[in-house]
Amino acid sequence: PVGVVRDYKLSASVSAAAKLEEERKLQLQLYMLALRRLWGIEPIGGVYEPLGASGDAKPRGLLLAEERGGLLPDRNLTSTDFLAAEEFEVALERAEELAASAVAGMREGHVDRNPVGGACPRYCSFQPICRRERAALESLEEERPRSEENGTEVPG
C-alpha cells in the first residue's frame with residue numbers, strides 16, 4: 001500500500017519542497033516516515049494544505065516524481081514539489097537527522113531561543129514580552145562552542 005500525508009494549515013501560504021529543510025519544517029517528512037515504519041504504508045508524498053488562502057492556493061510539500069500523473073495528479077500540485085526517488089528519500093533522511101539532533105540537544109538540556117534565520121516568525125505572539133534581547137543572545141552564542149556538523153552547542 002501507498003499513502004499521501006495531508007496536513008491542513010490555517011495559514012494563507014505553505015512551504016515548497018525546496019524550503020522545508022531550510023525553514024526546519026519537518027512535520028510532513030516525519031509523518032511520512034511514520035507511515036512507512038509504523039503502518040507499512042509506503043509514502044509517495046506529503047503536502048501542507050493552506051486553509052487560510054484566498055484564491056487558488058495550491059498545497060505544497062514533497063511528492064514522488066515517479067507517481068506524477070498516476071497516483072498523484074498533475075492538477076492542483078506544483079511541479080517543483082515533485083522529487084526524484086533519490087531526492088525524496090534524502091529529504092526524509094535529512095528530516096530524521098535534524099529531528100534526532102534537536103531531540104538529542106533537548107535531552108542534554110540545550111534549549112535556546114534560536115529562531116530559524118535569526119528572526120522570530122511573524123506569527124510569534126511572544127515578541128512583545130520576550131525578555132531576551134536579540135543582541136544579547138547573539139553575543140552569548142558566540143561564546144559557546146558549537147558543533148561544526150550541525151551547529152548545536154557542544155557540552156562544556
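**Reading charges and confidence in a predicted model**

Modeller: The charged end of Arg68 sits over the ring of Phe82, 4.8 Å from its centre, where sitting over a ring requires NZ of Lys or CZ of Arg within 6 Å of the ring centre and within 35 degrees of the ring normal. This is a predicted model, in which local features need pLDDT of at least 70 and side-chain atom pairs count only at pLDDT 80 or more, while totals for chains, interfaces and linings use all residues. Residues are numbered from 1 along each chain as its sequence is written, and side-chain values use heavy atoms, with hydrogens and water left out.

Biologist: Where in the chain is confidence lowest, and where is it highest?

Modeller: Where pLDDT is low, the predicted coordinates should not be read in detail. On this score, the predictor's confidence in each residue from 0 to 100, helix α4 (residues 134-143) is lowest at a mean of 49, and helix α2 (residues 27-39) is highest at 96; helices are DSSP runs of H or I with at least four residues, strands are runs of E with at least two, and both are numbered from the N terminus.

Biologist: Which side chains does Arg6 meet in a salt bridge?

Modeller: Side chains of opposite charge can pair when their charged atoms come close. Here Arg6 meets Glu49 at 2.5 Å, N to O, the rule being a side-chain nitrogen of Lys or Arg within 4 Å of a carboxyl oxygen of Asp or Glu. The pair links strand β1 (residues 2-9) with strand β2, 43 residues apart.

Biologist: Is Glu49 buried or exposed?

Modeller: Glu49 counts as buried because its relative accessibility is 14%, with buried meaning under 20% relative accessible area, exposed over 50%, and partly exposed in between (1.4 Å probe, protein chains only). Arg6, at 48%, counts as partly exposed.
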